[in-house]
Amino acid sequence: MLAGGIGAARFLRGLLAELAERDPEAEVTVIGNTADDISLFGLRVCPDLDTVMYTLGGGIQEEQGWGRDGETFAVKTELAEYGAQPQWFGLGDRDLATHIVRTQMLAAGYPLSAVTEALCARWRPGVRLLPMSDDRVETHVVVEDADGRRAVHFQEWWVRMHAAVPARSIVPVGVDEAAPAPGVLDAIATADVLLLPPSNPVVSIGPILAVPGVKEAVTAAGAPVVGVSPIVGGAPVRGMADACLTALGIETSAGAVAGLYRGLLDGWLVDDADAGTRVDGVVVRARPLLMRDAASTRGIAAAALDLAGDLVAAGRR
Ligand code: GDP
Ligand code: CA
């Protein structure tokens, strides 16, 4: 599975619950987006990897969907007292421990993939969590406001500006020179099923597919590729994915997102609200796609696996 943050992490919970019954021996490899990563106060922060790790490891702030549960913000408050910038990114005390360990290991020369494995030794997420690349890739957003036209880090646009300032372009800087992390291409090539969860297509799944070799590996893979639409009834369920699609000149609809994955997808799950969506060369199925609770989320994962199975049975791969 390719994965962003919250949408992916929640879907993964449903997937693991479904697999526990359907196929307890099944192994899940998650290829996580690292283009949201940012350095703050000298610390390397990997929001999407951590959201997956904390969610599956039982350490997530449940309502918020990111960050640690039982979090306190003493360090953030102290930093603000010094006027230290930036103050718009919420780094909690517990979360900071993760970033300190990560930064220490990176400084000692370990690649991000090894660091992620070490962090997961504590959280035991029940999946193999791989960063898309050990190389640094950072999504930058070109914005234009009263301060003029400039590029800001994706997090500044998303968190500080709430994506309210229109994006002129969204660029995963460094991706062309990035190499897939160890294990990524092999996991894709040997998978029985390839899943695209309901993640942000532009800033989560897009950068992973843009790592040289990844798109080619997905196309060449023997496994069916099944995706779950992050757009329901013409709107993102949460977050501002519509602002990202608009920046690319793409309509916010389940069909248009599938269009972004053209040539890769075999099956596409859309919400009942989007029944009737047609995508050339793709089997589209409608069902409820809101991850309201454990049962509904598991139902979505089950539907994705069923669709993959049907595609194989029909000889589509
Ligand atoms: P992020 O990196 O934390 O923004 O998380 P992702 O990229 O994994 O996913 C965010 C996307 O998940 C949002 O853009 C929403 O469109 C989608 N999403 C969130 N909740 C749901 C849900 O309950 N159902 C579906 N279908 N999509 C959802
Ligand atoms: Ca993200």
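The questions below take the labels one at a time.

Modeller: Ground rules first. This is a predicted model, where local features need pLDDT of at least 70, side-chain atom pairs count only at pLDDT 80 or more, and totals for chains, interfaces and linings use all residues. Residues are numbered from 1 along each chain as its sequence is written, chains are lettered from A and ligands numbered from 1 in the order in which they are written, and side-chain values use heavy atoms, with hydrogens and water left out.

Biologist: What makes β1 and β2 a pair?

Modeller: Two strands pair if DSSP finds at least two bridges between them. Strands β1 (residues 2-3) and β2 share 2 bridges and run parallel. L2 stands opposite I31 there. Strands themselves are DSSP runs of E, at least two residues; helices are runs of H or I, at least four; both are numbered from the N terminus.

Biologist: How do you know that β2 and β5 pair?

Modeller: By bridges again. Strand β5 (residues 128-131) meets β2 over 4 bridges, in the parallel sense. I31 has L130 as its bridge partner in β5.

Biologist: Why are β1 and β5 called edge strands?

Modeller: The open sheet has 3 strands in the order β1-β2-β5, paired in parallel. β1 and β5 each pair on one side only.

Biologist: What makes the β-α-β unit right-handed?

Modeller: The test is the crossover: with the strands pointing away from the viewer, the path from the first strand over the helix to the second must run clockwise. The unit of β1, helix α1 (residues 6-22) and β2 is right-handed, so its path passes that test.

Biologist: How do you know that both faces of β2 are covered?

Modeller: Buried means under 20% relative accessible area, exposed over 50%, partly exposed in between (1.4 Å probe, protein chains only). In β2 (residues 29-32), T29 and I31 on one side are buried, and so are V30 and G32 on the other. Side chains in a regular strand alternate between the two faces of the sheet.

Biologist: H162 and A163 both sit in the loop between α6 and β8. Why is one called exposed and the other buried?

Modeller: H162 has a relative accessible area of 53%, so it is exposed. A163 has 10%, so it counts as buried. Both have positive phi without being glycine: about 50° for H162 and near 55° for A163.

Biologist: Why is W66 called partly exposed?

Modeller: Its relative accessible area is 39%, so it falls in the middle class. W66 lies in the loop between α2 and α3. G174, at 23%, is partly exposed too. G174 is in the loop between β8 and α7 (184-190).

Biologist: What makes D36 and D48 calcium ligands?

Modeller: Donors are N, O and S atoms within 2.8 Å of the metal (3.2 Å for Na, K and Ca); water is not among the atoms, so sites may look incomplete. The calcium ion (ligand 2) is coordinated by D36 (OD), D48 (OD) and D48 (OD), at 2.0 to 2.7 Å. D36 lies in the loop between β2 and β3 (38-40) and D48 in helix α2 (residues 47-57), so the pair ties together parts 12 residues apart in sequence. D36 and D48 are both buried.

Biologist: Which bond is cis?

Modeller: The peptide bond from Q85 to P86 is, with omega near -5°. P86 lies in the loop between α3 (74-81) and α4 (93-107).
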